[in-house]
Amino acid sequence: DFIKNPKKSSLKKFDDKKAEALGEELKQLIETVRREKTKKQFALNKEVQKITVFGPPELSQILEEVQKTMNAKQIERKLGKGETKVNEKVSLTIDF
């Protein structure tokens, strides 16, 4: 139905700005962890002991996804600053 007539589709247009922002945070967190694993010549599929994410409370909603994707034994969110900057308001520390 969408392909034949996209204007009459029953699919809702994605416009939830909060969900979009969280998705962007998720993408940036995963990119940063991958970059750090590569820098340390640590296999991307190898388990890390712990990832500590420093940032606002709403990040708690995406931590499980980061943990699963990056194969972390533990993950937590804290306030403060981590060793590696993700963006202006988020940083992280990885215990290999």
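This is a predicted model: local features need pLDDT of at least 70, side-chain atom pairs count only at pLDDT 80 or more; totals for chains, interfaces and linings use all residues.
Residues are numbered from 1 along each chain as its sequence is written, and side-chain values use heavy atoms, with hydrogens and water left out.

Let me begin with N87, which sits in the loop between strand 3 (84–85) and strand 4 (91–95); helices (H or I, at least four residues) and strands (E, at least two) are DSSP runs, numbered from the N terminus. N87 counts as buried because its relative accessibility is 16%, where buried means under 20% relative accessible area, exposed over 50% and partly exposed in between, with a 1.4 Å probe and protein chains only.

What does the side chain of N87 reach at 2.9 Å? It reaches the backbone nitrogen of K89, and a polar contact of 2.5 Å also joins the side chains of N87 and Q28. A polar contact is a pair of N or O atoms within 3.5 Å; within protein, one must be able to donate a hydrogen and the other to accept it, and residues adjacent in sequence count only if both atoms are side-chain atoms. Setting aside neighbours within four places in sequence, N87 is in contact (heavy atoms within 4.5 Å) with E25 and Q28.

Now to the aromatic rings, where the structure holds one pair. The ring centres of F42 and F96 are 4.9 Å apart and their planes stand at 65 degrees, so the pair is edge-to-face; rings of Phe, Tyr and Trp (its six-membered ring) pair if their centres lie within 6.5 Å, and planes under 30 degrees apart count as stacked, over 60 as edge-to-face and the rest as tilted. The pair links distant parts of the chain, 54 residues apart, with F42 in the loop between helix 1 (17–39) and strand 1 (48–54) and F96 in the segment after strand 4. F42 is buried, at a relative accessible area of 15%, whereas F96 is partly exposed, at 31%.
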